[in-house]
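Please read it with the sequence and structure at hand.

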Amino acid sequence: TAAVDLSCVWHNLEYMACTWRPGENASSDTNYTLFYWFDGLKNHKKCSNYSVHQGIFGCTFNLSFPKVINTYPAISILIRDDSEEVRPVCASKNPTTLVKPATPRRVTLSKINDGIYIEWSESDTFPKNCLFYEVEYRNADLDTAQIIKVIFHYLELTDFFPMCLVKNNNHTSVPGVDPNSKHIFKVRAKPKPECYSSKFYSDWSEEKSIGEKMDSTFYFVLIIAIPLIVAVSTIILLVYLKRLKIFILPPIPDPREILKRMFGEQNEDSQVS
């Protein structure tokens, strides 16, 4: 009767979403309840935001800590029913292994020299330098994609230059991109292992494109038209050159033909006479 396959994800360091399946011998009207507690709470709390989808139970509760802390307390979770017939389930979760960043927002693209500059919004819930990003881009005419890993180190020089020189890792550039082709970009985030032990990536951002994709019909017409234009141009050029040659260098009359015509005319005159 106990809940099985308990799984939790800590979304963007803001809220935790847990899901589970009902026990094999649990009745269809079993009403599971989730309680949670961690070091720092005076009393355990009851999760109230429940959902059921295709037989999967779920519950979401707020969970956040100050960004200045270096360690996070373990989360104790209890799932039970008011009935004594349902066996309770207890679990302890390390929240750093459950972190999933939010999807990067406000992705913008711009052309710079011979490349593309990409920028996106950083999460304001994570400590500095605790996320790295992956940028996937591909040519709209091709199926293969390439991924760039964007990892910068947080540089703090406030001791020497107050309020200055803080490097963000929310941008990158892709050199050597054909500006006449359409390219599609998307971004996702992942916690750095030195901050969190999670293996969860964020969802990919909405795809953004830059450039124009040439229509395949245009390519087909271009492939047919180019040889045809070359052939017609060649014929016209040959005819023009031949006429030009005749104009510049007219043919020299054959003396034999002139003599034949002269004697032929004289014979005709004599016969008439």
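A charge is taken to sit over a ring if NZ of Lys or CZ of Arg is within 6 Å of the ring centre and within 35 degrees of the ring normal. By that criterion, K190 lies over the face of Y201, at 5.5 Å from the ring centre, and R188 lies over the face of Y201 at 3.7 Å from the ring centre. The model is predicted: local features need pLDDT of at least 70, side-chain atom pairs count only at pLDDT 80 or more, and totals for chains, interfaces and linings use all residues. Residues are numbered from 1 along each chain as its sequence is written, and side-chain values use heavy atoms, with hydrogens and water left out.

**Overall architecture**

- The protein has two helices and 16 strands; these are DSSP runs numbered from the N terminus, with helices (H or I) of at least four residues and strands (E) of at least two.
- Of the 273 residues, 31% count as buried, where buried means under 20% relative accessible area, exposed over 50%, and partly exposed in between (1.4 Å probe, protein chains only).
- Contact means heavy atoms within 4.5 Å; among contacts with a separation of 6 or more, residues 24 or more positions apart account for 62%.
- The protein exposes about 18900 Å², of which carbon and sulfur atoms supply 55%; accessible areas come from the Shrake-Rupley method with a 1.4 Å probe, and for residues only the protein chains shown count as cover.

**Aromatic pairs**

- Rings of Phe, Tyr and Trp (its six-membered ring) pair if their centres lie within 6.5 Å; planes under 30 degrees apart count as stacked, over 60 as edge-to-face and the rest as tilted.
- By this rule the count comes to 12 aromatic pairs.
- W20 and Y32 form an edge-to-face pair, with 6.5 Å centre to centre and 85 degrees between the planes.
- W20 lies in strand β2 (residues 15-21) and Y32 in strand β3 (residues 32-38), so this pair ties together parts that are 12 residues apart in sequence.
- W20 is buried, with a relative accessible area of 0%, and Y32 also counts as buried, at 2% relative accessibility.
- W120 and Y133 form a tilted pair, with 5.2 Å centre to centre and 55 degrees between the planes.
- This second pair links distant parts of the chain, 13 residues apart: W120 is in the loop between β11 (115-119) and β12 (131-139), and Y133 is in strand β12.
- W120 counts as buried at 2% relative accessibility, and Y133 is buried with a relative accessible area of 3%.
- One aromatic cluster is formed by W10, F38, F65, Y72, F126 and Y196.

**Individual positions**

- K45 is placed in strand β4 (residues 45-46) and counts as partly exposed, at 41% relative accessibility.
- Not counting residues up to four places away in sequence, K45 touches L34, F35 and Y36.
- The C-alpha atoms of K45 and I77, 32 residues apart along the chain, are separated by 9.7 Å.
- T103 is found in the loop between β9 (99-100) and β10 (108-112) and counts as buried, at 17% relative accessibility.
- Leaving aside neighbours within four places in sequence, T103 is in contact with S202, D203, W204 and S205.
- V232 lies in helix α1 (residues 216-248) and is partly exposed, with a relative accessible area of 41%.
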